[in-house]
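Biologist: I am new to this structure and would like to learn how to read it. Could we go through it feature by feature?

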Amino acid sequence: MSLTGAYDDDNIFAKILRGEMPCVKVFEDDVALAFMDIFPQSRGHTLVIPKGVRARNFLDLPPETVGPYLARVQRVAQAVTTALSPDGVVVLQFNGAPAGQTVFHLHFHVIPRWEGEAMKGHGAAPKADVAELQALAARIAAAL
Ligand code: AMP
């Protein structure tokens, strides 16, 4: 999918937002939903998606919603750091398939990193155990 085009209301994250698909939730308010990545590139890999917008990527996001949304991304990154004590944390997002995007509802990745532990490849990580994700989500949520 290119950078331009119509928003697909049946993308996975739209379905999660509508409650039609499950997620392991970390945080939710009227601006954003954060949940555990089901194919985590590291322990604690969390996604933060905006609510109430039909934005495929960062370029689509209405300017007035950028600030409130990024404040939630920052809050989740802080909570991941407090909860899991990583040595570093990657915050990133991809725009368009050639850039690496695979789900076309805007999302930021929050990926904690530890010295000496390689980050698994984007789109190359195995599926996580849901019980383990639930335990991590509870720890992160407690640090919000
Ligand atoms: P991107 O490739 O940047 O569009 O990121 C999409 C992310 O969504 C990937 O890291 C996937 O592992 C993750 N993902 C895909 N489906 C699900 C799902 N049902 N629940 C949680 N994470 C998902």
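Modeller: Start with accessibility: a residue counts as exposed over 50% relative accessible area, as buried under 20%, and as partly exposed in between. Keep in mind that this is a predicted model.

Biologist: Is S85 buried or exposed?

Modeller: S85 has 52% relative accessibility, so this residue counts as exposed. S85 belongs to the loop between α2 and β4 (88-92).

Biologist: What is the phi of S85?

Modeller: Most residues other than glycine have a negative phi. In S85 phi is positive, near 50°, and the residue is not a glycine.

Biologist: Where is N57, and is this residue buried or exposed?

Modeller: N57 is in the loop between β3 (46-50) and α2 (63-84). Its relative accessibility is 2%, so N57 counts as buried.

Biologist: Which residues does N57 touch, leaving out those up to four places away in sequence?

Modeller: With that exclusion, N57 touches L3, N95, Q101 and L106. The side chain of N57 also reaches the backbone nitrogen of L59, at 2.9 Å.

Biologist: Which backbone nitrogen lies 3.0 Å from a polar atom of the side chain of D29?

Modeller: That is the backbone nitrogen of A32. D29 itself is in the loop between β1 (25-28) and β2. Not counting residues up to four places away in sequence, D29 touches K51 and R72.

Biologist: Now the start of the chain. Where does D9 lie?

Modeller: D9 lies in the segment before α1.

Biologist: With which side chain does the side chain of D9 make a polar contact?

Modeller: The partner is the side chain of R54, at 2.8 Å. When residues up to four places away in sequence are left out, D9 touches A14, R18 and R54.

Biologist: How should I read separation along the chain against separation in space?

Modeller: T4 and L59 are 55 residues apart along the chain, and their C-alpha atoms are separated by 9.6 Å. D9 and V66 are 57 residues apart in sequence, with 21 Å between their C-alpha atoms. A131 and K120 are eleven residues apart in sequence and 20 Å apart in space, C-alpha to C-alpha.

Biologist: Where are T4 and A131?

Modeller: T4 lies in the segment before α1 and is exposed, with a relative accessible area of 60%. A131 is in helix α3 (residues 130-142) and is partly exposed, at 48%.

Biologist: Next, the ligand. How many residues surround the ligand, and which are the closest?

Modeller: The ligand is surrounded by 16 residues, and the closest are D37, T102, H107, H109 and H122. The ligand sits in the largest pocket. Two elements give two or more residues to the shell around the ligand: α1 (12-17) and β2 (32-36).

Biologist: How much of the accessible area of the ligand does the protein cover?

Modeller: On its own the ligand has 500 Å² of accessible area, and the protein covers 89% of that.

Methods. Residues numbered from 1 in each chain as written. Predicted model: local features only at pLDDT ≥ 70, side-chain atom pairs only at ≥ 80, totals over all residues. Heavy atoms only, no water. Helix = DSSP H or I, 4+ residues; strand = E, 2+ residues; numbered from the N terminus. Buried < 20%, exposed > 50% of the residue type's maximum accessible area, 1.4 Å probe, protein only. Polar contact = N/O pair within 3.5 Å; in protein donor to acceptor, adjacent residues only side chain to side chain. Contact = heavy atoms within 4.5 Å. Near = heavy atom within 4 Å. Areas by Shrake-Rupley, 256 points an atom, 1.4 Å probe, with all protein chains shown as cover. 1 Å grid on protein atoms, 1.4 Å probe; cavity = no way out; pocket = protein on both sides within 12 Å on 5 of 7 lines; lining within 4 Å. Sits in = over half its atoms within 2 Å of the grid points.
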